[in-house]
Amino acid sequence: MKFNFKKIKSDFPILNQKINGNPLIYFDNAATTHKPNSVIKKITEYYTKINSNVHRGAHTLSYLATKEMESVRKEVKNFINAKTEKEIIFTSGTTESINLVASCFEKIIKKGEEIIISEMEHHSNIVPWQLISNNKKFKIKYLKINIKGELEIKNLKKLITKKTKIIALSHVSNTLGTINNIEKIISIAKKNKIPVLVDGAQAPGHIKINVQKLDCDFYCFSGHKMLGPTGVGVLYGKQKWLEKLSPYKGGGEMIKNVSLEKVSFAEPPHKFEAGTPNICGIIALKEAIKYINKIKIEEINKYEKKLLVYAYDKLSKIKEIKFVGTSKNKAPIISFTVEKCHHYDIGQMLDNFGIAVRTGHHCTQPIMQSMNINGTIRISFSLYNNKQEINFFYKKIKEIIKMLK
């Protein structure tokens, strides 16, 4: 399908509105993306036609809901090129996916052992490990970032010891936009027989994901950052790990047999899906993937790269702006500070013109500490943004800086 911007933008009804008297310009896509009509239609269709709980129901609606939901595993499996649908676990999002793995590893990691994460991580890939570390008293080592906002991969070998039990790193930084050389990191880990978890929250809607080629052990992502609903996500795990790990929460659906004395668990992936899932969200996630596939992720990537370069060129002309994260290999995310201006003030003033940006530490306080700043203004693009919006943003931020100085 040829990239047709006019058609694509018309597929997103939320964009057809004014904010404070101005057409909405939405540059907060790293936080959440908007939903195309096909996703919204599927949500409505589920609640008006097949709303029912899944699995074990003897009636037609339950059968239809189960069939629809389970078909999504195949869609996700193909989307990220997993080996089998059994490697696809549905969660509430990236955060729960990481917590699931961390909680399962809590039973494996012993006192005095180690894990490796980085200074670049979102809090969702820091806090879960710190929580279980407090319980087990194991050591967390941090891979540092350089001034460009890139991981110092050359130092990884020095951090690895015989006590290292897992490496957990982000594929793309939500603050810096850096696309990490995750292939090289995984290669180093594999030589040392260390499993790797990848926080892929910012990746699947922008770049092609192939988990078999990456050879990662776990890959986590959220539906809402790739045109899908909120409250639904995916944990990919290699089958050998899913069979080995014990579930981190119990309830209905994840069991084989329960007596008053003992319990036996279902096979993966259901072993890790206790309770009623977000059935509607999972079913609608399939529509988001189909939408991306129809346009082609390669075309989306090419288009968003053009926006990124264009925005950098424009903003580089404003002497008061200092970019935070200048890696050459970037997703469509730009973070910056403005000399003598507070990021929150600028964010609020941009909203007066209908421009939505994110300000603050973006749940990455260790990055802010390493860069010696307290926050940034972040703009992030998706396939429904264009150069005209960037031009308007450029014009208004120049006016705001002039007013605030």
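Predicted model: local features only at pLDDT ≥ 70, side-chain atom pairs only at ≥ 80, totals over all residues.
1. **Helix pair H4 and H5.** Helix H4 spans residues 94-106 and helix H5 spans residues 127-136. Their axes lie 9 Å apart, at an angle of about 15°. Angles under 35 degrees count as roughly parallel, so H4 and H5 are roughly parallel to each other. The crossing of H4 past H5 is right-handed.

2. **Who makes the H4-H5 contact.** H4 contributes Ile98, Asn99, Val101, Ala102, Phe105 and Glu106. From H5 come Pro128, Trp129, Ile132, Asn135 and Lys136. Sorted by class, this contact has seven nonpolar, two polar and two charged residues.

3. **The sheet.** Four strands make an open sheet, ordered E13-E14-E17-E16. The pairing is antiparallel. Strand E13 (321-323) and strand E16 (358-360) stand at the edges. Each has a single partner strand, so one side of each has no neighbour in the sheet. On average, neighbouring strands are turned by 30° against each other, direction ignored.

4. **Inside the sheet.** Strand E14 covers residues 333-338, and strand E17 covers residues 376-380. Four bridges join E14 to E17, and the two run antiparallel. Which residue of E17 is the bridge partner of Phe336? It is Ile377.

5. **A helix on the sheet.** Helix H12 (residues 343-351) packs on this sheet. H12 touches E14, E16 and E17. The direction of H12 makes about 160° with that of E16.

6. **A cis peptide bond.** Most peptide bonds are trans. The bond joining Pro268 and Pro269 is cis, with omega about 5°. Pro269 sits in the loop between strand E12 (263-265) and helix H10 (279-295). This is a spot to look at in the viewer.

7. **Positive phi at Lys193.** Most residues other than glycine have a negative phi. Lys193 is not a glycine, yet its phi is positive, about 55°. Lys193 is placed in the loop between helix H7 (182-191) and strand E8 (196-199). Is Lys193 buried or exposed? Its relative accessibility is 78%, so Lys193 counts as exposed; the cut-off for exposed is over 50%.

8. **Positive phi at Cys363.** Cys363 also has a positive phi, about 60°, and is not a glycine. Its loop runs between E16 and helix H13 (365-371). E16 is one of the strands at the edges of the sheet in point 3. With 33% relative accessibility, Cys363 counts as partly exposed.

How values were computed. Residues numbered from 1 in each chain as written. Heavy atoms only, no water. Axes fitted to C-alpha atoms, helices over the stretch in contact; angles between N-to-C directions. Parallel < 35°, antiparallel > 145°, perpendicular 65-115°, else oblique. Left-handed = near helix turned anticlockwise from the far one by under 90°. Contact = heavy atoms within 4.5 Å. Nonpolar A, V, L, I, M, F, W, Y, C, P; charged D, E, K, R; others polar. Pairing = 2+ DSSP bridges. Buried < 20%, exposed > 50% of the residue type's maximum accessible area, 1.4 Å probe, protein only.
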